[in-house]
Every structure is written in structure tokens, then in C-alpha cells.
Amino acid sequence: MTEQLRQVRQRADGATLVCVYLIALLIIPARLVLSFVPMTLPPALVVALLLGVLWLATQMVDTLGMGKGRNVVRTAVGLYLAAHLATYGVATRRWLPTDELTVADSSIVRIVATISVAVFICDAVRTRERLDKVLKLILGCAAVIAFVGLVQFGAGIDLASYVSIPGLRAQENGYAVMESRSIFRRPTGTTNHPIEYGLVCATAVPLGAHYVFKARDEGTPYKRWLICLALVGLGAMTSLSRTAILVMTVTGVVMILTLPRKRKVTALVVGGGFFVGASLVVPGLFGTIRGMFSNIEDDPSVKARTADYAAAAEQIDLNPLLGRGFGTFLPTKYTILDNQFLLTLIENGYLGLFALIGMFLAAGFAVLRVRLISQDEHLRGLAACGLGAVLGGGIGAFTFDLLGFGVATGLVFTMIGLSGAMLRIAKQEKGSAE
């Protein structure tokens, strides 16, 4: 019994806490928030804040197994945090309307918590085995989200609405659970919006493909990974979201370019067959997706995204360096901007925008560096998945207000943190080999 307890203690580490965060983020419906606090606080953010406190504590000692030393991703994320703190200080020093000040206070808590996750992951996930554990959980949770969304899409039943957890209350966020596009329902899964749902599913697609190929190469059971891949792929398509389709396309190109030669043809054939099969199983799906892009210049939603650019330019000119304050450009008071880069320029200024772009570039650099220095094909494949996720986050930041959606933001920052963890692992393995 004592030996079993010792083994459990050895298995519980920073990656275990990351898994707890991911379950809170992806499995608990996003509409559920803490009922005993005045601000809107989902359970995942509470876990994220605790991870931030734990990271600070572990940096003071050398006995808890946390990574030390410089890391390009952690540095970039730290600069992004500094930009947010500077913006918050300047914005709250001047007068703000009460409604904007309230949102600014809650927004700084939310973004600090999310940034804490990326930093914690960067230092806490230390080995390929623990990295595998986290990424497999992301794929499994995304498959669950996709299953819930497919039930919404096909049967019109929202399984997430039946989830009730003591201490949590359902928050009305103004989004319809199953809005429609063309003749189809647009699912949300456990997220708040179809775009967010589509981004989560599309981000998990390369992970599903990677673990299918890996299992087949090793001769281990692969059907569960194939089922996960089918669920997230179909979930991304049925979200009827341009963002999801673009992310799947970009990640597909990354996969084709980085896969070994013998896998390229297989991926193309399977991917094409899946798309054709989905179109046959869901009549009209292909036509709806094609219509989303064929007349994009006349699409009302696209016109709405670009109609307010002139007004946005006026806001930028008011506070160009550090912005008006994160979260203060209220959509109910001003207008909805479906472009996180533009919204960041308004709320955090040019410094905040450069910090945001720099964070994506640092994560992309990290995974590309992993592919250059690592000799392990599995880690190189995971780095390709990480590159797809980072590019997907950049696409999401361009096509909708990414930081306004907690699940999508949490997943993107998780993948950014994992990019830094991959680089740390690759350097450690290279140093050990030498």
C-alpha cells in the first residue's frame, strides 16, 4: 500500500495540475461560473490563478522540479503581461466610466490568470511523457466537446444544459446556444459560441492525426484516436465557421509539409475522403461551406466586421501608445470588433499589439526550433501540431475577438505554453545526448 501511494505521488506533478485546468476549461460548460463571488469567474480561471501563485512559489526553490533558466516563450509572455499591467495602470489612473472601470478590473484578473497558465506550463511540463499526457487530454476533451456539438447539430439537444454543479450558476452571455446558418444549426458544444467551438475542434485535428499515425507505427491500438480525429474534424466542419475552416486548412498544410514522405499521400487521401464522406452524410453541408467563401465580399457578417474600421481609427488616435484600457471598449456601448489585433490596438495600444504579435512569433519560433534540434520524430511531430495551433490562434485573433472568449483563449495560451515546454524538453534531450 505504501509503495502504491509513493507511485501516485511520483505521478502527480505540474502536468497533473495542467490536466486539472484543462478539464475545468474544456469539459465544464463555459456558461457555468462561481455563484458565490460578485464577478464572473469560471472554475478554470480559479485554477489558473492558483497555478500562477504556485509558479511564483516554485521559482523561489529548486526542489519542486520546475524548469529554470531563460525560455523565449516565457520571456515573450512576460512582456505581454507587462504591457497589460502598464495599460491597466495608465487607464485606471485617468477617469473611466463606472461600467468600463468594472470591466477593466475583471479583465485584468482574467488575462493575468490566463497568462499564468502559459508560464506555468512552460516550466512545469518537463518530459515527453508528461507532454504526451497533456496533449492527449486536450485531444480527448476536444472530442467530448465535438460530440456534444454534433448532438446539438443533428438532434437539437443541448447536453451541456443538463450539467449542474454545486457552487456554480449558469450565466446568460447573450449568445444563442444553437443559432442557425443556412438550413443548419450551429453548435457550441461546451463553449459559448460556434466560432469558439470550431476553433477548439480545428486545433485538435492535427493532434488526432498525429496520434493515429504514431499508434499505427508502434503497432498499438489506434481506433480511439481515429474516433477522436473523426469527431473533432466533423465538429470543425459543422461549426459552419470560416475561422474553423481556415484553421483546418492551415494546419492541414503544415501537416503535409512536415509529415514524412510516406505519410503525405495517406494524409491527403484520408483528408479528402473524410471531407467527401462528411458531405455525403450531411447533405447540403459542402454547399453551405462553399457559400461562406464564394460571396464573401457581399456577406453581411463580413461587411459588419469592416464597417467600423473608421471609428476604430479614431479610438486608436486617442491613446496610441498604451490604449484606452483592456476590456473597456464595450461592445454593448460602442461596437463589436471581430478582430482581436484591431481591438488590442484600441485597448492596449501599439505596445500591447507588438507584445501580442511577439508572443505568437516566439511560440512559432520555439516549435520550429524544436524541429531543427530534435532527432525524435514523435517530438518533431508534436512540434508541427504546436505550430498549427499557434497559427490557428493567430488566425482566430484576426477573424474574431479571441480574448473575449474564455475557452478559446485558454486553449491558445495552453498551446503557447506547451510550445515553450517542447523547446525546453528538446534542449534537455539534446544536452543529454551530447
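Glutamate 429 forms a salt bridge with arginine 128, the closest N and O atoms being 2.6 Å apart. Because glutamate 429 lies in helix H16 and arginine 128 in helix H6, the pair ties together parts that are 301 residues apart in sequence. Glutamate 429 is partly exposed, at 28% relative accessible area, and arginine 128 is likewise classed as partly exposed, at 24%. The model described here is a predicted one.

**Salt bridges**

The count of salt bridges comes to eight. Among them is the pair of glutamate 100 and arginine 324, whose side chains meet with an N to O distance of 2.7 Å. Glutamate 100 belongs to helix H5 (residues 98-124), while arginine 324 sits in the loop between helix H13 (309-318) and helix H14 (340-373), so this contact ties together parts that are 224 residues apart in sequence. Glutamate 100 is buried, with a relative accessibility of 1%, and arginine 324 also counts as buried, at 10%.

A further salt bridge joins the side chains of glutamate 218 and lysine 214, at 3.0 Å from N to O. Both residues of this pair lie in helix H7 (residues 194-218), four residues apart, which is about one turn of the helix. Lysine 214 is buried, its relative accessible area being 18%.

| Glutamate 429 | Arginine 128 | 2.6 Å |

**Surface charge**

On the surface, Arg70, Arg369, Lys427 and Lys430 gather in a patch of positive charge. Lysine 427, one of the members of this patch, lies in helix H16, which spans residues 406-433, and with 46% relative accessibility it counts as partly exposed.

**Cysteines**

The structure holds zero disulfides. For cysteine 19, the closest cysteine sulfur is that of cysteine 141, and because the two sulfur atoms are 8.4 Å apart, they are too far from each other for a bond. Cysteine 19 counts as buried at 12% relative accessibility, and cysteine 201 is buried as well, with a relative accessible area of 0%.

**A loop position**

Isoleucine 157 lies in the loop between helix H6 (128-155) and strand S2 (168-170), and its relative accessibility of 39% places it among partly exposed residues. The C-alpha atoms of isoleucine 157 and proline 187 are separated by 9.9 Å, although these residues are 30 positions apart along the chain.

Notes:
Residues are numbered from 1 along each chain as its sequence is written. This is a predicted model: local features need pLDDT of at least 70, side-chain atom pairs count only at pLDDT 80 or more; totals for chains, interfaces and linings use all residues. Side-chain values use heavy atoms; hydrogens and water are left out. Patches are made of residues with over 30% relative accessible area and no salt bridge: like charges are joined within 9 Å, nonpolar side chains (Val, Leu, Ile, Met, Phe, Trp, Tyr) within 5 Å. Accessible areas come from the Shrake-Rupley method with a 1.4 Å probe; for residues, only the protein chains shown count as cover. A salt bridge is a side-chain nitrogen of Lys or Arg within 4 Å of a carboxyl oxygen of Asp or Glu. Lys and Arg count as positive and Asp and Glu as negative; His and the chain ends are not counted. The place of a charge is taken as NZ of Lys, CZ of Arg, CG of Asp or CD of Glu. Helices (H or I, at least four residues) and strands (E, at least two) are DSSP runs, numbered from the N terminus. Buried means under 20% relative accessible area, exposed over 50%, partly exposed in between (1.4 Å probe, protein chains only). A disulfide is a pair of cysteine sulfur atoms within 2.5 Å.
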